[in-house]
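Here is a short briefing to read beside the model. Please keep the viewer open and follow the topics in order.

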Amino acid sequence: MARGNRKNVPDDDDDYIDIDDTGPGDLKGADGGYAWEEEYKRSWDVIQEDASGSIQSVVMGINDQRSRKRRVRDTEAIQRGIIRHVVLIIDQSENMNLRDLMPTRIQATLNMANTFIGEYFDQNPISQLAIIATKDGLAEKLTDLSGNPMDHINALKDKANKDLAGEPSLQNAVELAMHTLKRAPTHGSREVVCVMGSLTTCDPGDIEQTLEALKNAQVRVSMIHLAAEVHIFKRMCKETKGVFYVAQNEDNMKDLLFENIPPPPVVSAKATSDMIQMGFPIKANNSDVPTPCVCHHELSFVGYVCPRCKSKVCTLPTDCDVCGLPLVSAPHLARSYHHLFPEENFKEVASLGADSVDSACFGCGAAWAEPPIVGATDTKESGSGSGGTGKYRCPRCKHDYCLECDIFIHETLHNCVGCV
C-alpha cells in the first residue's frame with residue numbers, strides 16, 4: 001500500500017496514511033483559511049426596516065449605490081477611434097438553456113443584446129455592427145456589418161431556445177468574424193465581443209494559429225462568460241488587448257456588456273490619423289412618385305440622396321451601395337465626438353448644508369432630499385451607513401445636480417447644462 005509522510009505513527013498501524021493537506025498558500029485568504037471555510041454570509045440581512053417598518057428607503061439606497069458605481073467613469077482625454085467595426089458573437093450551445101440567469105441564459109442574453117444594440121448605435125452612430133451565432137461546432141453569420149440597428153434586432157427575434165444545440169466553436173466564430181472585418185477600412189477599429197456560456201469549445205484546428213492571426217490583424221477580442229473563467233478564453237482576450245469578465249447576475253451582465261459601448265483606447269503603434277471622405281446627403285421627399293432605394297431595392301417616397309452619385313438610401317448613417325461613400329449627418333458626428341473629450345466626473349458634496357449657489361438641483365429643480373438609509377452591513381463597503389448626500393457638483397461651473405441628472409448628463413447629454 002502506498003504511504004504518505006508518516007509522523008509519530010505506531011508500527012502496528014499499517015493502514016494509516018498521512019496526507020499533506022496544507023495545500024498551496026495562494027488558495028488561502030487574508031485570515032489564513034480557505035475560501036470554502038469562510039463563514040456563511042446572510043445576504044438578506046442587508047435589507048433592514050426603517051423606523052416606520054418599510055423597506056422602500058433601503059431598496060432606494062441600494063439602487064443609488066449601484067448607480068454611483070456606474071457614474072464613475074474614465075474621463076481622461078486619450079486617443080480613441082470614433083469609427084468602430086464590432087462583431088457580436090453569441091453562444092447558442094445547449095449550455096445556454098440553463099436557468100441560472102432568468103428565465104434562461106439565452107433569453108437573458110438576447111434581451112441584453114437588444115438593449116446593447118440600441119445603446120451602441122446611440123453612442124456610436126457612425127460605427128457598424130455584425131452578429132455571429134455559434135452552435136454544433138459551427139458559426140453562422142446572422143447579420144453583416146451594418147449601421148442600421150433594426151436589421152440586427154430583427155435578426156435576433158427568431159433566435160429562441162429551440163435553436164440551442166451542441167457545443168460552440170470559438171475558433172470558427174472568431175475566424176468568421178475576422179473574415180467579416182477584412183472589409184473594414186484601416187481607419188476604423190476592429191473589435192469582437194463574445195457572450196459565452198459553455199465551458200468548452202469544439203474547434204476543428206489549432207486555435208493558437210487563430211490567436212496569432214487575431215494579433216496580426218489587430219482585432220481586439222473581449223468576452224463575457226456566464227459561468228466561469230476559462231483559460232483559453234481569457235488568454236485570447238489578454239493577448240489581443242481585450243478584457244475578460246465573468247457575469248455574476250443579470251444586472252452585472254448588463255453593466256459588463258455596456259462597458260464595450262465606449263470606444264476603447266488606441267494602443268496600436270501603427271495607428272495613424274487620416275482624412276476620411278464623407279458625404280452629407282439631402283433628404284428627398286417626393287410625395288408624387290415613389291422611387292427605388294439602392295439599399296433595399298424598394299419603392300419609397302422619402303429617403304436621402306447621395307451627394308456624389310445621386311442614389312437614394314433609406315436611413316443614415318450608411319455607405320452608399322453605388323459609390324461606397326460614407327453617408328452621415330452632422331448630429332451623428334457630434335454624438336461620436338464626445339468620446340474624445342468626455343465630461344468630467346462630478347464630485348459628491350459632503351453635506352446638504354455645504355456652501356452652494358443652488359438651493360435645488362440645477363438640472364431638474366428638485367429639492368434636496370435626505371439620503372435613503374442603507375443596511376448596516378453596507379457600512380464596511382461604503383464607509384458609512386447612509387447612501388450619501390445625493391448631491392453632485394460640477395468642478396467647472398460649481399452647479400449642483402441630483403444623481404439622476406448626473407447620470408443623464410454623462411450618459412445622454414455629454415455636456416454639463418451649467419457650463420453650456
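Of the 420 residues in the protein chain, 39% count as buried, where buried means under 20% relative accessible area, exposed over 50% and partly exposed in between (1.4 Å probe, protein chains only). This is a predicted model, in which local features need pLDDT of at least 70, side-chain atom pairs count only at pLDDT 80 or more, and totals for chains, interfaces and linings use all residues. Residues are numbered from 1 along each chain as its sequence is written, and side-chain values use heavy atoms, with hydrogens and water left out.

**The chain as a whole**

- The protein chain holds ten helices and 16 strands; these are DSSP runs (helices H or I, at least four residues; strands E, at least two), numbered from the N terminus.
- Among contacts with a separation of 6 or more in the protein chain, 63% join residues 24 or more positions apart; contact means heavy atoms within 4.5 Å.

- The loop between β1 (84-91) and α2 (105-123) contains Pro-103, and the peptide bond from Met-102 to Pro-103 is cis, with omega near -5°.
- Leu-101 is found in the loop between β1 and α2 as well, and this residue is buried, with a relative accessible area of 4%.
- Leaving aside neighbours within four places in sequence, Leu-101 is in contact with Ala-108, Leu-226, Asn-249, Glu-250 and Met-253. The C-alpha atoms of Leu-101 and Met-253 are 9.8 Å apart, although 152 residues separate the two along the chain.
- Arg-105 lies in helix α2 and is buried, at a relative accessible area of 5%.
- Not counting residues up to four places away in sequence, Arg-105 touches Asn-95, Met-96, Leu-98, Asp-100, Gly-197, Leu-226 and Ala-227.

- Phe-233, Met-236 and Cys-237 are buried in helix α6 (residues 231-239). Seen down the axis of α6, the buried residues fall within an arc of 95°, so they line one face of the helix; the arc is that of the directions from the helix axis to the C-beta atoms.
- An α-helix has 3.6 residues a turn, so residues three or four places apart point the same way.
- The buried residues of α6 pack against α4 (170-181), β4 (189-196), α5 (207-216), β5 (220-225) and β6 (244-246).
- On the other side of α6, His-231 and Lys-238 are exposed.
- Lys-241 follows α6 and has a positive phi, near 70°.

**Other backbone features to check**

- A cis peptide bond runs from Leu-316 to Pro-317, with omega near -5°; Pro-317 sits in the loop between β11 (312-313) and β12 (318-319).
- Lys-398 is not a glycine, yet its phi is positive, about 65°. Lys-398 is found in the loop between β15 (392-393) and β16 (400-401) and is partly exposed, with a relative accessible area of 48%.
- His-414, in the segment after α10 (403-413), has a positive phi of about 60° although it is not a glycine. Is His-414 buried or exposed? His-414 is buried, with a relative accessible area of 13%.
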